[in-house]
Protein chains: 2
Amino acid sequence: MAIVRVSRAGVCNTDLELLKGYMRFRGVLGHEFSGTVEDGPPEWRGRRVVGEINFACGRCPTCQQGLRRHCPTRRVMGILDADGAFAERVAVPVANLHTVPDTVDDDAAVFAEPLAAAFEILEQVHVQPATQCVVLGDGKLGLLAAQVLFQAGADVLAVGKHADNLRILGARGVATVLATEWKQAPADLVVEATGTAGAFAAAIAATRPRGTLVLKSTVADATQLNLAPVVINEISVVGSRCGSFAPALRALQSGAVDVHSLIAAREPLRNAADALRLASRPGVLKVLLDPQQ
Amino acid sequence: MAIVRVSRAGVCNTDLELLKGYMRFRGVLGHEFSGTVEDGPPEWRGRRVVGEINFACGRCPTCQQGLRRHCPTRRVMGILDADGAFAERVAVPVANLHTVPDTVDDDAAVFAEPLAAAFEILEQVHVQPATQCVVLGDGKLGLLAAQVLFQAGADVLAVGKHADNLRILGARGVATVLATEWKQAPADLVVEATGTAGAFAAAIAATRPRGTLVLKSTVADATQLNLAPVVINEISVVGSRCGSFAPALRALQSGAVDVHSLIAAREPLRNAADALRLASRPGVLKVLLDPQQ
């Protein structure tokens, strides 16, 4: 274990779902952070780091297959049986640490975790230059996913409800449209990143026959669903969660993905309750907490 | 169009769903048949045939991409805007016809359609010899899917409720277990072929993290579902419908798949109502109709 002094922590929609009862988590929230190692192995002390959030056993068959993020006995920082980073210090297994490149500042480094989750799409689905992608949702994860798919060379259309948020993508060359003005044409790949359980039917309708729908929203609620369109149109529905940090850190270092424009606010930790309220407002992007301020 | 004199027609679970209101179909049921071409192009007359059920336009972008079974303006025999094969004669586009090999009898040839649907799994998912497969459901489609996966070299376990049905697989060397005695261990690939909407949660639970769940049941009802396990375990849920007839006819010719053991009854068409009632009883396998008897 390393003890990391937290420089910044990010509020994720999952935190808001956890507050509603998702995973029945009790403990310190927060699974997106950047910080400096204060205690741990000598070679790590003083390093600026980010950390993967799934604490795996490393020994079971799942871990041995390289699926540590799916270790059946894992603890998950700020989500399952492990305290998170909305704190001055957080404990992280050394195996989960990644050094932050010098040119990536503390604000940007917080995005390693959600950006890794966006890159996870490329790990699960073969996205080709000819792949027509529609990203549903212009929240934090939607904006990261749209940029990652665009950088991978795909034909991306981001559909959202907030012109200000879509403008961030427009500035990077990504095509965008307001949901109210969208002339829906079924796409090869649809990424559902609206964060709402009710969006499934619309997402299925936006996916072409034999196409792929990536589900990025973790929501606590069950909902009424008809799977017949999935079968009739032979759609692949791919659940997608955490990803590898390496491509995310490379993209942060190169500037291939704009994350600074996604920062809505930076609050001291003592204002965490207000910060969470702010983060839960529709259209508000990344709220950062600074525990050292 | 060719006019086919129907020798045999098969009752499928989809027919029973259609009777309950699925697709709001009005017309002659029946999409599994074997027969002889009575009228049509000279080169087809007198040939023993089976027919693919999706009547495509052949000209739209979807058809041009080779996805004729997903043509957006398709009619579907006995399911959507086209009369089916529970009749003395049925009209089928010539493009949909396949010649039945001499060594495949009329009873077996009826299985070309559902067997093609089982082979569709191999078209959609890369099934490898090391792939651990669980087939849920020992109805008609479950027994065909289990045999197809087994013949492809995979490690197959069929889970069912009817010892008599599972014995058909056992005789071919496929491992089977009664659902009540099954010690569930998450599998790489799960095929949901129980024909019930409520089986989704159990099927997800039977799929390993990053594994694939193939949905084969078309059911009319919406149901209460929680997609969080799909996201958390990053499962791919693959809807699967109709398949190519070519591999099915090859398997019928070689005898690689046993279909004769699946025949529960052979009834004249005038007894169709009784035959449908029989087919709807749990555990009853393929009921054939003979319109010429």
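The structure is a predicted model, in which local features need pLDDT of at least 70 and side-chain atom pairs count only at pLDDT 80 or more, while totals for chains, interfaces and linings use all residues. Residues are numbered from 1 along each chain as its sequence is written, chains are lettered from A and ligands numbered from 1 in the order in which they are written, and side-chain values use heavy atoms, with hydrogens and water left out. Helices (H or I, at least four residues) and strands (E, at least two) are DSSP runs, numbered from the N terminus.

**The interface between chain B and chain A**

- The contact, meaning heavy atoms within 4.5 Å, takes 39 residues from chain B and 39 residues from chain A.
- About 3200 Å² is buried between chain B and chain A, and carbon and sulfur atoms give 55% of that area; buried area is the accessible area (1.4 Å probe) that two parts lose on being put together, summed over both.
- Between the two chains there are 13 residue pairs in polar contact, both residues being at pLDDT 80 or more; a polar contact is a pair of N or O atoms within 3.5 Å, where within protein one must be able to donate a hydrogen and the other to accept it, and residues adjacent in sequence count only if both atoms are side-chain atoms.
- On the side of chain B that touches chain A, the elements that give two or more residues are α4 (112-124), β13 (207-215), β14 (223-225), α8 (228-232) and β15 (236-239) of chain B.
- Sorted by class, that side of chain B has 19 nonpolar, 11 polar and nine charged residues, where Ala, Val, Leu, Ile, Met, Phe, Trp, Tyr, Cys and Pro count as nonpolar, Asp, Glu, Lys and Arg as charged, and the others, Gly among them, as polar.
- Strand β15 (residues 236-239) of chain A pairs with β15(B) in the antiparallel sense over three bridges, and A:V237 has B:V237 as its bridge partner in β15(B); two strands pair if DSSP finds at least two bridges between them.

**Salt bridges across and within the chains**

- A salt bridge is a side-chain nitrogen of Lys or Arg within 4 Å of a carboxyl oxygen of Asp or Glu, and by this rule the count over all chains comes to 36, whereas the count between chain B and chain A is four.
- B:E120 forms a salt bridge with A:R210, in which the closest N and O atoms are 2.8 Å apart.
- A network of salt bridges links A:R69, A:E120, A:E123, B:R210 and B:E234.
- Within chain A, the salt bridge of A:K20 with A:E17 has its closest N and O atoms 3.1 Å apart, and the two residues are separated by about one helical turn because they are three residues apart in helix α1 (residues 13-20) of chain A.
- A:K20 is exposed, with a relative accessible area of 64%, whereas A:E17 counts as buried at 9% relative accessibility; buried means under 20% relative accessible area, exposed over 50%, and partly exposed in between (1.4 Å probe, protein chains only).
- In chain B, B:R277 forms a salt bridge with B:D274, the closest N and O atoms being 2.9 Å apart, and B:R277 is exposed at 53% relative accessible area, while B:D274 is partly exposed at 47%.

**Strand β3 of chain B and its partners**

- Strands of a sheet pair through backbone hydrogen bonds, either parallel or antiparallel.
- Strand β2 (residues 32-39) of chain B pairs with β3(B) in the antiparallel sense over two bridges, with B:T36 standing opposite B:R48 in β3(B).
- β3(B) also pairs with strand β8 (residues 97-99) of chain B in the antiparallel sense, over three bridges, and B:H98 in β8(B) is the bridge partner of B:V50.
- B:R48 forms a salt bridge with B:D106, whose closest N and O atoms are 3.0 Å apart; B:D106 lies in helix α3 (residues 106-109) of chain B and B:R48 in strand β3 (residues 48-51) of chain B, so the pair ties together parts that are 58 residues apart in sequence.

**A buried residue in chain B**

- B:A9, found in strand β1 (residues 2-10) of chain B, is buried, with a relative accessible area of 0%.
- Not counting residues up to four places away in sequence, B:A9 touches B:E32, B:F33, B:A85, B:F86, B:V110, B:V287, B:L288 and B:L289.
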